[in-house]
Amino acid sequence: MIRLGILGSGSGSNMQAILDAIAAGGLDAEIALVLSDIPNAYILDRAARAGLPTGLINCRDFKSNFPEEAQHETAEALRQSEVELVCLAGFMRLLRAPLLQAFTRRIINIHPSLLPSFPGLHAWTQAVEAGATESGCSVHYVDAGMDTGPVISQATVPVLPDDTPESLHARIQIEEHKIYPAAIAEVAASLKPD
Ligand code: GRF
């Protein structure tokens, strides 16, 4: 049973998929803490409804920066909850040394493209605008770059001729909800001592 910490800024559908996989017996894990940098993010409502411990990351007045002090506080909160693996689920700030060093090779992310294609914001819009015929999603280890860490797993979806960014994102999210829990199980197994 691995203890997960979830960081998210948005709706939390991936966190919900992780919870559902745990409930269905497909993932031997427990969500120990859910943190958000956005006070009214829906991920916090979902977490509270599921009875999970939640907390707010205080990024002061910074809109997209993740101040060093806030990263130290986040690492400390995760440690206090005895988190073993940190899962970013729609978390919109870049992690730097304080957090990355506290959880070396223990932070993963889900990104809505086939990395290394289309890193960064609105990857589904990038795919439609580039005229890509396929896209998908990737689970990867997090490093200090923007969606640059080693890829753990991917799923591919077609981009259809009449796709809008929204319809493509919806198709990608269906796959995200399958591969993220599976990748967490894979990473958890790799962290177990022999
Ligand atoms: C997902 O598309 C994920 O790939 C990206 O942000 C979105 C989060 O969605 N990093 P949700 O909050 O899990 O619904």
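H1, E5, helix H5 (123-129), strand E6 (134-141) and H6 each supply at least two residues of the lining of the largest pocket. Helices (H or I, at least four residues) and strands (E, at least two) are DSSP runs, numbered from the N terminus. The model is predicted: local features need pLDDT of at least 70, side-chain atom pairs count only at pLDDT 80 or more, and totals for chains, interfaces and linings use all residues. Residues are numbered from 1 along each chain as its sequence is written, and side-chain values use heavy atoms, with hydrogens and water left out.

**Pockets**

A pocket is an open set of points on a 1 Å grid over the protein atoms alone, where a 1.4 Å probe fits, with protein on both sides within 12 Å along at least five of seven lines; lining residues have an atom within 4 Å of a point. The lining of the largest pocket has 40 residues, and Gly-90, Phe-91, Met-92, Asn-109 and Leu-121 lie nearest its centre. The second largest pocket is lined by residues including Met-1, Leu-27, Arg-106 and Lys-192.

Volumes are the space filled by probe spheres set on the points, which are joined across faces, edges and corners. In the classes below, Ala, Val, Leu, Ile, Met, Phe, Trp, Tyr, Cys and Pro count as nonpolar, Asp, Glu, Lys and Arg as charged, and the others, Gly among them, as polar.

| Pocket | Volume | Lining by class |
|---|---|---|
| Largest | About 830 Å³ | 16 nonpolar, 19 polar, five charged residues |

The ligand sits in the largest pocket (more than half of its atoms lie within 2 Å of the grid points). Helix H1 (13-23), strand E5 (107-111) and helix H6 (165-191) are the elements that give two or more residues to the shell around the ligand. H6 provides the largest share of this shell, three residues. Residues around the ligand (a heavy atom within 4 Å) include Gly-10, Ser-11, His-111, His-169 and Glu-176. By class, the shell has two nonpolar, nine polar and one charged residue.

Polar contacts are pairs of N or O atoms within 3.5 Å. A polar backbone atom of Ile-110 is 2.9 Å from a nitrogen atom of the ligand. An oxygen atom of the ligand lies 3.4 Å from a backbone N or O atom of Pro-112, and an N or O atom in the side chain of Gln-173 is 3.2 Å from a ligand oxygen atom. On its own the ligand has 370 Å² of accessible area, of which the protein covers 88% (Shrake-Rupley method, 1.4 Å probe).

Conventions: Polar contact = N/O pair within 3.5 Å; in protein donor to acceptor, adjacent residues only side chain to side chain.
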